[in-house]
Amino acid sequence: MPRPGLEVADIFRDHGAAWRRANAGHVSIGQREGMSAIESCRTAALGGHVERCEDCAHTTIAYNSCRNRHCPKCQGGAARDWLAEREAELLPVGYFHIVFTLPAEIADIAYQNKAVIYDLLFKASAETMITIAADPKHLGARIGITSVLHTWGSAMTHHPHVHMIVPGGGLSPDGERWIACRPNFFLPVLVLSRLFRRLFLEKLAAAHAAGRLAFFGRHAQLADEAAFATFLTPLRKTRWFVYSKRPFAGPKAVLAYLSRYTHRVAISNRRLIAADESGVTFELKDYRIEGPGRYTTMTLATGEFIRRFLTHVLPKGLHRIRHYGLFANGSRAENIARARQLLLVPKPQSNSADVDTTDQSPIPAHPCPCCGGRMIIIETFANDSPPRYRPVAPTLAIRIDTS
């Protein structure tokens with residue numbers, strides 16, 4: 001894949017140092033680490049290796065990746081590895097896409113309490129789904145959920161929400177039957193919305209009472225218990241949005257969706273258009289508009305672009321992909337095996353016997369771009385150390401007929 005003409009790393013390298021100086025004291029350790037990782041990603045600062053084609057001698061230098069989960073360049077490989085594991089777990093049923101969104105008032109205080117409120121968003125939304133699905137009036141089954149946290153809108157504003165991927169059915173309470181949902185309908189979103197609102201606000205009030213929330217600036221008065229209760233009162237009456245999208249067109253569509261969503265960052269490099277003295281221009285999608293008119297562009301001052309990007313750096317240790325119900329890590333394999341048995345799905349075959357382990361040569365995960373031959377690693381070099389070998393053009397192999 002060709003390198004994008006403009007990358008987030010380019011903007012950070014050109015303007016990051018000045019931005020950090022201008023915002024000294026207001027940048028978290030995690031944000032500083034994220035910026036530094038993105039600036040260094042796939043540069044000599046992180047070291048790398050030299051690859052050479054065995055057939056045409058084409059030689060290239062490959063610098064190491066930072067592997068930071070907020071880096072736009074590093075998420076493709078992580079997504080592929082994660083998806084390979086999920087593919088074997090897919091069931092031959094319809095899958096549904098449910099979105100739980102926090103109101104703007106909660107999103108405001110979530111920015112100051114990311115670890116706590118994002119965790120509550122995960123737990124309240126999962127508990128909502130599991131509770132309503134288990135109700136015999138609705139589905140009466142134990143379901144599995146994969147939840148993915150996103151904290152941004154298309155313009156990189158703070159917009160915390162959870163995307164859920166849920167199979168269209170679940171195991172009966174005794175585990176003896178697979179209970180399928182109705183075609184094109186999973187659970188009523190209005191019922192989900194009301195329970196989600198109640199559960200989240202209960203958990204949020206408990207977190208406040210336990211002293212787990214902090215408030216600064218214009219929200220400082222919310223540290224007072226009475227003021228916080230007053231703040232929550234109107235939120236108990238407004239509608240909280242839970243959105244159920246159309247079911248996916250088969251398991252392959254689920255994988256295609258997950259590949260775009262699970263390891264996404266606030267903005268991808270391909271959305272960047274230009275960066276100059278007027279700011280950073282990028283593509284924007286307005287989800288309120290249908291048709292081609294929803295695609296437009298936005299230009300932000302460079303400092304504001306950096307600020308918005310760093311708004312979505314997650315607290316250290318916070319998992320942005322979680323599994324609940326049948327897919328909870330402790331019992332996922334057993335539950336999936338039982339579901340596959342009830343759905344009469346053959347057990348996946350292991351391909352370990354087909355793997356040739358006789359050749360232990362270090363082989364990159366891609367063929368030669370010139371001739372398709374095998375690329376091998378001929379040198380590795382440490383951080384900030386220049387490689388001994390340099391890239392060379394491919395040589396043409398001339399076959400001489402001596403017969």
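Which residue is the bridge partner of I98 in strand 8? In this predicted model, the bridge partner of I98 is S244 of strand 8, and the views below begin with the strand that holds this pair.

**View 1. Strand 3 and its two antiparallel partners.** Strand 3 covers residues 95-101 and runs antiparallel to strand 8 (residues 242-244), to which three bridges join it, the pairing of I98 with S244 being found here. Strand 3 is also joined by seven bridges to strand 5 (residues 158-167), again in an antiparallel arrangement, and in that pairing T101 stands opposite H161 of strand 5.

**View 2. The two faces of strand 3.** In a regular strand the side chains alternate between the two faces of the sheet. In strand 3, one side carries Y95, H97, V99 and T101 and the other carries F96, I98 and F100, with both faces covered and all of these residues buried. The strand is accordingly described as mostly covered, seven of its seven residues being buried.

View 3. Three strands form an open sheet in the order 9-10-11, with antiparallel pairing. Strand 9 (272-276) and strand 11 (295-300) are the edge strands, each of them pairing on one side only. Direction ignored, neighbouring strands of this sheet are turned by 20° against each other on average. Strand 10 (residues 279-285) and strand 11 run antiparallel and are joined by six bridges, and within this pairing L284 has T296 in strand 11 as its bridge partner.

**View 4. The largest cavity.** The model has three cavities of 30 Å³ or more, and the largest of them has a volume of about 130 Å³. Its lining is made up of R86, E89, L90, Y95, T146, I165, V254, L258, H323, F327 and R332. Sorted by class, this lining contains six nonpolar, two polar and three charged residues. Y95, one of the lining residues, is also one of the buried residues of strand 3.

**View 5. The second largest cavity.** The second largest cavity holds about 100 Å³ of space and is lined by 14 residues, of which H70, W152, V265, H312 and R320 lie nearest its centre. Strand 4 (residues 144-152) gives the most to this lining, with four residues. By class, the lining of the second largest cavity divides into seven nonpolar, four polar and three charged residues.

View 6. Most residues other than glycine have a negative phi, and most peptide bonds are trans.

Terms used: Residues are numbered from 1 along each chain as its sequence is written. This is a predicted model: local features need pLDDT of at least 70, side-chain atom pairs count only at pLDDT 80 or more; totals for chains, interfaces and linings use all residues. Side-chain values use heavy atoms; hydrogens and water are left out. Two strands pair if DSSP finds at least two bridges between them. Axes are lines fitted to C-alpha atoms, for helices over the stretch in contact, and angles run from 0 to 180 degrees between N-to-C directions. On a 1 Å grid over the protein atoms alone, a cavity is a set of points where a 1.4 Å probe fits but cannot get out, and a pocket is an open set with protein on both sides within 12 Å along at least five of seven lines; lining residues have an atom within 4 Å of a point. Grid points are joined across faces, edges and corners, and a volume is the space filled by probe spheres set on the points. Ala, Val, Leu, Ile, Met, Phe, Trp, Tyr, Cys and Pro count as nonpolar, Asp, Glu, Lys and Arg as charged, and the others, Gly among them, as polar. Buried means under 20% relative accessible area, exposed over 50%, partly exposed in between (1.4 Å probe, protein chains only).
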